[in-house]
Amino acid sequence: MIETVFRGEELPVEDRFERWRDLAFESHSPHEIRTEHAADFHGTLRLLDLGVLQVTTFSCPPLDSARTPALIRRSDPEIYYLSVPLRGHMGVVQDDRETLVGQGELVMIGSSHPYRGLLGAEGGTVSAAEMLIPRALLPRPDGLADERSALRVPGRSGMGALFIDFLTGLATDTTSYGPSDSARLGVVALELAGALLAHLLADQEPPETFQHALAMRVHRYIHQHLTDPELTPERIAAAHHISVRSLHRLFHRQDTTVSAYIRRQRLERARRDLADPGLRTRPVHAIAARWGFPRPADFTRAFRTAYGMPPKDFRHLAQGASRR
């Protein structure tokens, strides 16, 4: 795990704020930063390189940051920040809406839309853990790519708690990992973040109890048999003692089809394998075939439609990041 650590006390007091600001923001997305404590700045910063993404842990006195339209025009890395306060509060003002989060909560912000960040507005030192994820590496549920307002995520239970525990663990872990371990941790973090964001943007209307239980069993069965070329609606229906018509009706309630759901799950598994550094020598067509795409051209077309780029370009982006 490649790691950069900044400790303010190791620098002359007049250089601390500028150096901290450059490490914290200039490397990925410039911000305008203001603080009343520039002359006596006390802060820390820890950058963890996980290959496909980066995790940052920092502490600082109260400050005001702004991602302005001019800065976005100058440089937009198209990343998402998933931030968890460890001490104090963080505020985000975006689209005339203010979002305030504290410990046990998470906020998601995109780099492509202007916002203002308020750290430690109540006074005192604030610290936080933050995951920076390129948008191109995430699945794109409807609405995710165009999300303009900060999303606040409670973290007391469910997917929010799972993600916050994982990010906090990475931020506070002092274990020395090797490059391959770091890259694999990055893949795990990417999958977990994708699952969290898909959950946030999913339809939250609860279905009827029986239909919900049946849907969960069908989904589980599909996940367990994704590599099987004989995974068809007829086989799925027979395994659950329902008619094919009833199966299609079940997925219609979820605004999708059986085939579309299977294709999406297979694409997700293929995307995971393409990002895995341990599989970098496996040909793209072999990964496609493993997940039910025997024709490379069909796989390339489906992957581009789902993720906005061909599978080879995605692998180059993911594997290139993991080797830096």
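In which helix do F299 and F303 both lie, and how many residues apart are they? Both belong to helix 10 (residues 296-307), with a spacing of four residues, about one turn of the helix. The structure is a predicted model. The protein comprises eleven helices and twelve strands, and buried residues account for 50% of its 324 residues. Of the contacts with a separation of 6 or more, 73% join residues 24 or more positions apart.

**Helix 10**

- Helix 10 contains twelve residues and reaches 16 Å from its first C-alpha to its last, close to the 16 Å expected at 1.5 Å a residue.
- The buried residues of this helix are F299, A302, F303 and Y307. They lie on the same side of helix 10, because the arc they cover around the axis is only 105°.
- An α-helix has 3.6 residues a turn, so residues three or four places apart point the same way.
- R301 and T305 are exposed on the other side of helix 10.

**Aromatic pairs**

- The count of aromatic pairs comes to nine. One of them is formed by F299 and F303, a tilted pair at 5.7 Å centre to centre with 55° between the planes.
- Both F299 and F303 are buried.
- A cluster linked by ring pairs consists of F293, F299, F303, Y307 and F314.

**Nonpolar cores**

- In soluble globular proteins, nonpolar side chains tend to be buried together.
- The largest nonpolar core here has 61 residues, and those with the most contacts inside it are L53, L82, M131, F163, I222, I236 and F299.
- Another core, of 26 residues, lies apart from the largest one; F6, Y81, V101 and L132 are among its members.
- F163 is in contact with L82, L106, M131, L192, A193 and L196, leaving aside its neighbours within four places in sequence.

**Helix 7**

- Within helix 7 (residues 244-252), the residues L247, L250 and F251 are buried. The arc they cover around the axis is only 90°, so they sit on the same side of helix 7.
- R245 and H252 are exposed residues on the face of helix 7 turned away from its buried side.

**R46 in strand 3**

- R46 is located in strand 3 (residues 44-49).
- Why does R46 count as buried? Its relative accessible area is 13%, and the cut-off for a buried residue is under 20%.
- The side chain of R46 reaches the backbone oxygen of A171 at 2.8 Å.
- Not counting residues up to four places away in sequence, R46 touches E3, T4, V5, V55, T56, T57, L170, A171, T172, D173 and T174.

- H37 is placed in the loop between strand 2 (32-34) and strand 3.
- P61 is 24 residues from H37 in sequence, and the two are 6.9 Å apart in space, C-alpha to C-alpha.
- Leaving aside neighbours within four places in sequence, H37 is in contact with P61 and P62.

Conventions:
Residues are numbered from 1 along each chain as its sequence is written. This is a predicted model: local features need pLDDT of at least 70, side-chain atom pairs count only at pLDDT 80 or more; totals for chains, interfaces and linings use all residues. Side-chain values use heavy atoms; hydrogens and water are left out. Helices (H or I, at least four residues) and strands (E, at least two) are DSSP runs, numbered from the N terminus. Buried means under 20% relative accessible area, exposed over 50%, partly exposed in between (1.4 Å probe, protein chains only). A polar contact is a pair of N or O atoms within 3.5 Å; within protein, one must be able to donate a hydrogen and the other to accept it, and residues adjacent in sequence count only if both atoms are side-chain atoms. Contact means heavy atoms within 4.5 Å. Rings of Phe, Tyr and Trp (its six-membered ring) pair if their centres lie within 6.5 Å; planes under 30 degrees apart count as stacked, over 60 as edge-to-face and the rest as tilted. A nonpolar core is a set of buried Ala, Val, Leu, Ile, Met, Phe, Trp, Tyr and Cys residues joined through side-chain atoms within 4.5 Å. The expected span of a helix is 1.5 Å times one less than its number of residues. The arc is that of the directions from the helix axis to the C-beta atoms.
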